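This report looks at surface patches, salt bridges and pockets in one protein model. Please keep the structure in view while reading.

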Amino acid sequence: MDDGLPQVELARTTRALPFALIRAREALLVPLRRMLAEAGVSEPQWRILRVLAEAGPMSGQGLARAACLQPASVSRILQSMLERKLIARVQNPLNRRRQVVSICPEGLRLLSEYSAMSRGITDRFEQRFGAEKYRLLLDLLEEFNSLPPEEETPTS
């Protein structure tokens, strides 16, 4: 049928990677959000605590990258975490214009208190999906995420 409208030639949303990744993320986050609400932290705050506990102190920019957050959002998120004494922020002694963020004992306590519940949620997904497919999925996503960024091409 030619109704004069331009034709859209895209993959069906059921087979489009961006949609599939968003649906998978949402499926995993439904039970995690209940846990995070109980813990009194947001998803970005939880990711920041996880990254700092795993990697140790780092710059705000490094933290934004590692926690998959927009750099502009990080300082606002960190401020509320500072007020709750979940993290600390100090000047970098080598570059006084930069700051270093680290996890505080209260942040570690919170992670420790909820880590078993968090792990249980992801373990149930692994059991439902199958351990081998779950590991394969993680391996494939890690490989996908290690691809060099594609240069942006100007639109015509």
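Predicted model: local features only at pLDDT ≥ 70, side-chain atom pairs only at ≥ 80, totals over all residues.

Leu-147 sits in the segment after α6. Its relative accessible area is 53%, and because the limit for an exposed residue is over 50%, Leu-147 counts as exposed.

**Salt bridges**

The structure has eight salt bridges. A network of them links Arg-25, Glu-26, Arg-33 and Glu-43.

| Pair | N to O distance |
|---|---|
| Arg-25 and Glu-26 | 3.3 Å |
| Arg-25 and Glu-43 | 3.1 Å |
| Glu-26 and Arg-33 | 2.9 Å |

Is Glu-43 buried or exposed? Glu-43 has a relative accessible area of 18%, and since buried means under 20%, Glu-43 is buried. Arg-25, at 39% relative accessibility, is partly exposed. Glu-26 is also partly exposed, with a relative accessible area of 30%, and Arg-33 is partly exposed with a relative accessibility of 30%.

**The largest pocket**

The volume of the largest pocket is about 2,000 Å³. Its lining consists of 38 residues, and those closest to the centre are Arg-25, Leu-28, Tyr-134, Leu-138 and Leu-141.

The largest share, ten residues, comes from α1. Sorted by class, the lining of the largest pocket has 24 nonpolar, four polar and ten charged residues.

**The second largest pocket**

The second largest pocket holds about 190 Å³ of space. Among the residues that line it are Ser-59, Gly-60, Gln-61, Pro-71, Arg-89 and Val-101. Two or more lining residues come from each of α3, α4 (71-83) and β3 (99-103). Of the elements, α4 gives the most, with four residues. By class, the lining of the second largest pocket divides into four nonpolar, five polar and three charged residues.

How values were computed: Residues numbered from 1 in each chain as written. Heavy atoms only, no water. 1 Å grid on protein atoms, 1.4 Å probe; cavity = no way out; pocket = protein on both sides within 12 Å on 5 of 7 lines; lining within 4 Å. Points joined across faces, edges and corners; volume = space filled by probe spheres on them. Nonpolar A, V, L, I, M, F, W, Y, C, P; charged D, E, K, R; others polar. Buried < 20%, exposed > 50% of the residue type's maximum accessible area, 1.4 Å probe, protein only. Salt bridge = Lys/Arg side-chain N within 4 Å of Asp/Glu carboxyl O.
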